[in-house]
Amino acid sequence: MSSDIILKVENLGKQYRLGLVGTGTISHDINRWWSRIRGKEDPYLKVGEANVRSEKGNSEYVWAIKNINFEVKRGEVLGIIGKNGAGKSTLLKILSKVTSPTEGLVKTNGRIASLLEVGTGFHPEMTGRENIYLNGAILGMTKSEINKKIDEIIDFSGCLRYIDTPVKRYSSGMRVRLAFAVAAFLEPDILVVDEVLAVGDAEFQKKAIGKMQDISTSDGRTVLFVSHNMESMARLCERGILLNHGKIEYTGKINDVIDYYLSNNLEFRSIFTEDDLEENCFVKSVALTNKKGESTSNFKFNDTIFLSFEVLKKEEDNKDYNLSLAIVNPNNVVILSSSFSDANDFNIDKGLNTFTVDISGNMLNKGDYKVRLFFYSNTDRKTIQRIDCLNFKVNEIGFYKNAQVRRALIIPKLNWVKV
Amino acid sequence: MKTAEERWLYTISSKKKLIDFNFKEIWRYRDLLFLFVKRDIITLYKQTILGPLWYLIQPLFTSLIFTLIFNNLADIPTGNGVPNFLFNLAGITAWNYFKECLVGTSDTFKKNENIFGKVYFPRVIMPMSVVVSNLLKFGIQLLVLTGLYIYYVYFSPITYTIAPGLNIVSFPLFVVLMALLGLGLGMIVSSMTTKYRDLTFLVQFGVQLLMYGSAVMYPMSYFRDKLPNYYWLIEWNPIAIIVESFRVIILGDGSLDINKTIYAIIISCMIFLLGLVIFNKTEKSFIDTI
C-alpha cells in the first residue's frame, strides 16, 4: 500500500562549497548566472566529490549528501545512523526545511516539525512560562494549542517551581527539560529528532525515550531519529538507514543496520612511522579486531577485544624492551594494565614482530575507552612511546541481566557457586 | 504517471519560484509574530533603571539639539507659526520609525542565524515582528508629540497657529508607507548581507547620511530655495516625501502634494515587493553561506 507512505525522498543531493566565502564567491556567482542566462546547467554542479572528511580533495565543492532515496511509512520510526560528517544533519536540515536541497525532491503528506537541538529560541530574560509559549510557537504551535497543554508541559518538564523565574537562572539541565517538554507536546505528523536525548539526567532520558515511543506507537506519528546512542536507537526504531560519506550505505531492520555499522566503523588502527620518532625499535602499529578478525572499534559487551601490536626493529641491538598497554576511561582512570612480560619473556627480533593480546568480554562496563600504549627500553631506562593511540567503545548489547544498573568500572562474570 | 497515490501535501525541491509566498502559512504562524513582539518589548529595557522612558528621552533630546543647531544656530526656518521644537520632533518621530524598521530588519538573517539554522518557520515573521514592535514604540513617541502639541497650542505664551487639517485622515497611509519602505529596504539589505557583509557597514553610516537627505530638520521648500541644483535628490527621495507629508498633515502647514504622494506609494510598494522576493529567495539557502 503506497498510500501509507508519508514521506518520500527522491534523488536528494546537497552541495556545499568548502573554504571561505570570499573574493572568489562573486566570480562564481556571476559565472553561474551567466550560464543560466544561456540556458545551460550550473557549471559547478558537475564538479564536486563525495564527502570524505579526512582526505584532501581536489575540488572546492563537495556533496554533503547525494542520491538519497528512501520512503517512510506512517507511524514508522526510522533511525538514521552514521559517523560524524556522514550527512545525517544535512539530511534532517533539508527535511525540516532549514535549507533547501541542491537537487532532488522530498514529498510529504504531513506536517514536519523538527527538534534539532532543543532550547534554541529560548530567551534568557523571559520566564519559563513565557518561553514555553515562544518556543512552542517557533515550533509551529498556536497559542490556543499551547494554552490547552501548558499544564501538561510544565508537569512533564518537572520545573513547576521555577516556571515564573527567568530562564537565565535555570541550570542547563532544566533548560533542556523545559525545551524537550515543549517539543514533546508538539503534534506534527512527522517529528524529526536529532541527538536531543544525549543531555539530561538518566531519569529524564528514560522519560524522554518513553515519550518518543508513545508518540509513535499510540499516536501513530512518524519519527525520524538521529543518534549516536545505539541502545536507544535499537529500542526506538524499527528500521534504519546507514549513511556514509553522504550516501546510503545500508538500509534494513534496525538491528542489522546497527550490527553493520558497529563492525565497519571508526578508526581501529593507529600507525606510527619512522618519521615520528627516530628510534631503532618502536611500535609501528596498533590495531583492534573482533574475534572474527575484522577490524572494528565498537564492541558488544560480551565480545572479546583483540589488540595487535606491530613492533619494528631496524638493527639488532641486544636491548631489552617492554611493551605494555593500559585501558583508560574518559576520566583518565586506568582500568587495567598489562605487559607482555607478564606472560612470557618475548624477544624482539630484527624486522617486524607482531604481538597480540585479548581482553575478554563480559568485563568492561559499557562506555568509551582509550588504549594507552607504553613502550619502554629497560636497558636505556627510556620511554620510547607513551601514547593514547586508539579509542574503542563497549556498548550494552550483550549485557547480562541487570547489568544496566551496575555502576562499577568492570563488571566481570565471576564464578558464583552454591555449596 | 499521475495516479491517486502520487498526491502529496507539499514537496521540497531545489526549484526556486520567483514569488513563492505562502500567506496561509504566515497566517498560521501569526501567534509567533505577536510572541516575538512581546519578547522584543519586555526584554528590551530589562535591567535598565529608566526602562521605557528611553523611548521618550531619545527623540526629545535629539529634537532639542536639532532646534539648537539647525534653527537657533543655522537659522533654518520652520514655516509660518510652527514652533521649531515641534517641527523637529515631528520629523524625528517619523524618521525614527522608518530608521528603526530599516536597521532592525537589516540584520535579520545574521542575528537569527542560530534559530533559523535549527527550526523552520516562515522567516518573514521575524522582520515583520520588528516592524510591529517598532510601531508600538512609534505610538509612544506619537503620544509625546501630541502632549507637546497640546502644550504649544493651549499653554504656550506665544500663540501658534498650528492645527491638523482634514488631510489628517491620510495619517495611517504614511505610517504604512514608512513601514513598507523600511521593511523592504531592510529585507533587501539583510538578504545581501548573508553573502556580502560589506552592506552592514553601508547601512551603518548610510542611514545617518540618508537622514540629512530626508528633510528631517528642514522643510523641502527651504532646500529648493537654497540649493536648487541638488533639489532633485530630495524631491524624488520617497522617505523625504513621506517625512514632509507627515509633518504637513500633523502641523497643518502647507498642503499635500498628491502626485508626489502617489509616487511615494508606488516606490514604497515596489521596494517592499522587491524586498519580499529577494528575502524569499535568500531564506531557502542562506544558512549555507552566512
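Hi everyone, let's start at a turn: His245(A) takes a positive phi near 50° in the hairpin of β9(A) and β10(A), which has two residues between the strands. This is a predicted model, in which local features need pLDDT of at least 70 and side-chain atom pairs count only at pLDDT 80 or more, while totals for chains, interfaces and linings use all residues. Residues are numbered from 1 along each chain as its sequence is written, with chains lettered from A and ligands numbered from 1 in the order in which they are written.

Strands β9 (residues 239-244) and β10 (residues 247-253) of chain A run antiparallel, joined by six bridges; strands pair if DSSP finds at least two bridges between them. Asn244(A) has Lys247(A) as its bridge partner in β10(A). Strands here are DSSP runs of E, at least two residues, and helices are runs of H or I, at least four, numbered from the N terminus.

Now, across the chains. β5 (residues 103-108) of chain A pairs with β1(B) in the antiparallel sense, over four bridges, and Lys107(A) finds its bridge partner there in Thr11(B).

How many residues of chain B are in contact with chain A? There are 28, meeting 36 residues of chain A, where contact means C-beta atoms, placed from the backbone, within 7 Å. On that side of chain B, α2(B) gives the most, with six residues.

One last stop: Leu115(A), in strand β6 (residues 112-116) of chain A. Leu115(A) counts as buried because it has 27 C-beta neighbours inside 10 Å; the cut-off for buried is 20 or more other C-beta atoms within 10 Å, with C-beta atoms placed from the backbone. Thanks, all!

Notes: Two residues are in contact if their C-beta atoms, placed from the backbone, lie within 7 Å. A residue is buried if 20 or more other C-beta atoms lie within 10 Å of its own, exposed if 12 or fewer, and partly exposed in between; C-beta atoms are placed from the backbone.
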